[in-house]
Amino acid sequence: MKKIFAGVALGGLMALSGSLYAADYQIDKEGQHAFINFKTGHMGFSMLHGRFNDFDGTFSWDAENPENSKVNVTINTASVDSNHAERDKHLRSDDFLNVAKHPQATFVSTGVEVTGENTAKVTGDFTFNGVTKPVVIDARFVGEGDDPWGGYRAGFEGTTSIKLADYDVSMDLGPASAVVELDLTIEGIRQ
Amino acid sequence: MQLRNSQQRYGLVAIVLHWLVALAVIGLAILGLWMTDLSYYSPYYRSAPFWHKSIGITLAAVLVLRLLWRWGNPRPAHLPNHKRWEISVAGVVHGLLYLMLLVIVLSGYLISTATGQGISVFGWFEIPASITGLPSQADRAGAVHYWVAIAVLGLAALHALGALKHHFLDRDDTLRRMLGMRAR
């Protein structure tokens with residue numbers, strides 16, 4: 001009897017603990033409420049936009065202790081999409097993404113520094129084209145709560161930028177295209 | 001010189017189509033290898049692929065025309081000195097050249113139209129996309145396009161070597177016939 005009581009109490013505690021401790025979230029890939037967009041300059045005339053269509057990841061998030069949060073994303077770089085078949089083919093080649101040799105890019109967070117009510121700097125290791133370098137994502141917490149379908153969701157936005165030369169991208173498109181800005185939106189479903 | 005083939009010789013149309021295709025294939029191969037290595041700041045970065053695609057689509061039409069002409073005309077007979085193995089090797093090489101050239105133009109088309117863009121032909125008109133969105137279509141079609149093109153260059157070299165052998169070693173009329181020259 002005692003054992004059963006202890007079990008129920010523990011179960012109840014665990015149910016409550018969702019709001020007390022960091023919970024694990026899976027990026028909503030099925031409903032595709034996550035976006036990894038990029039843009040870079042085109043010779044100083046305009047910006048070129050593109051995105052990665054295939055990526056997945058997890059994060060842990062605790063609104064009470066945001067600095068304990070973690071995020072982990074893997075991108076299949078062959079899914080690059082700039083709305084132009086010939087350019088995408090070129091982007092996948094060893095001039096740029098080198099997807100045959102390095103099919104995946106990853107981001108693994110190493111620390112979170114809260115900077116405001118809903119903002120933080122998320123530091124992590126970004127691996128791309130076989131090169132790992134630290135990057136800092138300026139992140140913003142957008143919202144969390146119950147969704148209408150029985151799940152619990154939390155979502156974030158972030159921006160960062162990388163220098164292509166830092167990641168051994170061999171083709172030089174000129175100064176306007178040396179830096180690529182990344183725009184990230186992730187929404188996760190609590191597990 | 002007659003336009004149509006006879007039992008003995010090639011007509012003018014078959015001869016012109018043969019050399020036109022030879023010129024286009026060699027030119028497209030050189031242009032293709034050169035243009036894919038251009039820097040982004042080359043003045044030809046945009047125009048070279050435009051010409052490559054325009055000429056390539058034209059070549060596809062010429063190939064179809066050439067096959068129709070071949071089937072609608074008498075086949076000049078093999079020369080009496082041609083050996084049986086030469087005739088069968090030449091037959092296989094000719095068949096493969098046609099087949100591989102068709103594969104090359106088709107795969108080239110599938111690269112450029114992979115996500116629905118059409119192909120402009122000399123700016124006169126546009127060939128619309130049809131098959132789009134296959135898994136990594138542009139990359140796979142690109143690999144086929146490149147390797148079959150390399151193979152065709154090898155096969156064309158063999159084809160040319162065969163013609164030169166007939167001309168200089170066998171001293172027969174195989175090559176002269178395709179140049180529209182009289183029998184010696």
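Which residues lie nearest the centre of the second largest pocket? Select B:His18, B:Ala90, B:His94, B:Leu97 and B:His159, and you have them, out of 45 lining residues. A pocket here is an open set of points on a 1 Å grid over the protein atoms alone, where a 1.4 Å probe fits, with protein on both sides within 12 Å along at least five of seven lines; lining residues have an atom within 4 Å of a point.

Before moving on, a word on the model: it is predicted, so local features need pLDDT of at least 70 and side-chain atom pairs pLDDT 80 or more, while totals for chains, interfaces and linings use all residues. Residues count from 1 along each chain, chains are lettered from A as written, and side-chain values use heavy atoms, without hydrogens and water.

Now colour the lining by type: you'll get 28 nonpolar, eleven polar and six charged residues. Among the nonpolar types are Ala and Leu; the charged ones are Asp, Glu, Lys and Arg, and the others, Gly among them, are polar.

Next, show chain B against chain A. Here 13 residues of chain B touch twelve of chain A, where contact means heavy atoms within 4.5 Å. In chain B, pick B:Tyr40, B:Tyr41 and B:Asp139: they lose the most area to chain A, together 49% of what that side buries.

Conventions
Buried area = accessible area lost by both parts, 1.4 Å probe.
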